[in-house]
Amino acid sequence: MIHGRLLIVIVRESRTIASAIRVFGLLASLCLCELTLAQTPTVGVSGVDKPLAANVMAFLGRDELTCTTPQWQLSQLQSRWVSRAARSLEPFGFYSPDVSVSIDATDSCWDVAVTIAPGTPVRIRQSDVAVSGSASALPAIASAIKTAPQPGDVLLHSRYESTKRAITNALLAGGFFDARFSDSELAVFPAETAADIRLLAESGDRYQIGAVRVQQSVLDDALIERLIQIRTGAPYSRAALDQLQADLVSTTYFDQVSVRAVLEERENGVVPLDVDLTPAQKLGYYIGAGASTDQGPRLRGGYRNRRVNGRGHQFESGALYSPVLSQLTAEYRQPLADPLREWQTIELQFESEETDTSTDRRWQVGIERTRALRDGWLFSYGLSALDSGFNVADQSASARLLMPVFGLSRREADSQANPRRGSSIELSARATTSSIVSTTSFIQAYARYRRLIPLGTRGRIALRGELGATWQSDFEALPPSVRFFAGGDNSVRGFGYQEIGPEDDAGNVIGGSQLATASVEYEHAITDRWGVAVFVDAGNAFDDANIEPKVGAGLGVVWRSPVGPLRAYLATPVATEGGLRLHVSFGADL
């Protein structure tokens, strides 16, 4: 800023070329002077590893030494740097180092060399770490105590402090708000290269949950009471508060959830909780476009009402259009007695599907109850009614089915959008009988399993398999949505969508009563976003036990977007006639 002001003044006074030249000469001199002043000595540390060297550099106070420091000050700085370098090693257990500092003049500045022989480190001689009181039985306290340095370990001040901090945090998380350290001492004896640790904490009594005060304005109090599954009188636990917050977020009713223990109001062993709930936007709309080899280009849109009423009911409707599948859906969902783990869904759906093997126009209405079980399992049961008009090969028919349906599923992954490790399993069953409403009778079971296994730092193996079986009285009476087909992006690649299965006399695929497919794929990440893959798929839809598996294999490219992977594969049938086929898909791996 000084040079800028100087330039303005001088330029205003300059009337000739000669004077302008003198101005720029002056500015150049000022800039060179500034560069000289900005130079700093070079400092090197030797004799210790990088973490210790970095700490030495931090302690030296290099700002005190510049290229213009006079000679008479260097000896004072030299002595001071020896002391500072020695102190910088104490947090790492080195209390008797041999430190030398040399400062040598160069043409334009100084070279500083710090040479260190760290010596014998101080080691832990005694480690007395304990928590007395009712907290001593808590697993979190035991885990915190295990972090303490043990006899024979090199003294690290940071480890002592982290153990003290871990014990403090565990006591607070467990509700021991009046806990204190009766003794906290790190005694170092450099001459004996030994150190003694004493960390003794008294936990005091554990606080209980007091009043749970909820601030919200969109749901009925009765529903809020069922959502707040933490009760007055329960032992305080930070983990319980975190779980309550996660549960409330998962309902989608709220945009922000704050659960806080009001420590300043604790008394008589009780601490109140404040739960502040900011409602999410009530109405939402979405629209999107995509493409896959199975369905071609597709458009999707919909409407969502997160809170139809104060009882927490929700409604969603959507539409999907593609050359293969078009769909209209409406879904009404309501929480039940345990709203976090049990809900009921009523769904109305119309689908029009046209493949190379069949056409199907179907209406379906159903009611289903879902219950979240332990370890992430979801169990569902309900009743579904289907009305279908269909064509398969040269057969045209209609079907009316009333089916009890059952489902059991579980998914776990290390990432929602782009997991490297995880698995999913889906089990379902449905049945109907011609003696009650339906036009035919059958029992059907289906299972699908997927697993992702990391391999090294860049590789990943993806396994996939599915099995299905139908016991029926009249196969031709079954609509395409109840028959099994194989082939396509998520089945046996190298073949078209639903082009594998039993055929009629004219060679038209008509589907089978059983299904078995399997896949193994290796994916290798080239960058964080891009990867390549190689795979083998096998399987078929069939009747009886005559599976005759079809095999497809190929190579692929994967782009991992923030919302999920986009995949493009080139696949070909193996030991079967057919050329290369492109498979493009977008969506979650599990």
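**A walk around the model**

Start by selecting Val 557, which sits in strand 23 (helices, H or I with at least four residues, and strands, E with at least two, are DSSP runs numbered from the N terminus). Val 557 is partly exposed, at 40% relative accessible area (buried is under 20%, exposed is over 50%, partly exposed is in between, with a 1.4 Å probe and protein chains only).

Before moving on, some ground rules: this is a predicted model, where local features need pLDDT of at least 70, side-chain atom pairs count only at pLDDT 80 or more, and totals for chains, interfaces and linings use all residues. Residues are numbered from 1 along each chain as its sequence is written, and side-chain values use heavy atoms, leaving out hydrogens and water.

Strand 22 (530–542) and strand 23 (550–561) are the elements giving two or more residues to the patch.

Next stop: Pro 279, in strand 9 (residues 270–279). Pro 279 is partly exposed, with a relative accessible area of 33%. Leaving aside residues up to four places away in sequence, Pro 279 touches Val 218, Tyr 253, Phe 254, Asp 255 and Arg 307 (a contact is heavy atoms within 4.5 Å).

Then go to Cys 67 and Cys 109, joined by a disulfide with S to S at 1.8 Å (the cut-off is a pair of cysteine sulfur atoms within 2.5 Å). The link is left-handed, with -90° about the S-S bond. Cys 67 lies in the loop between helix 3 (50–60) and helix 4 (71–88), and Cys 109 in the loop between strand 2 (98–105) and strand 3 (110–117), so the pair ties together parts 42 residues apart in sequence. Both Cys 67 and Cys 109 are buried, and the structure holds one disulfide.

Finally, colour by pLDDT, the predictor's confidence in each residue from 0 to 100. The chain's mean is 90, with 93% of residues at 70 or more. Residues 1–21 stay under 50, and have 10 contacts beyond four places in sequence. Residues 23–38 are also below 50, with nine contacts beyond near neighbours in sequence. Where pLDDT is low, the predicted coordinates should not be read in detail.
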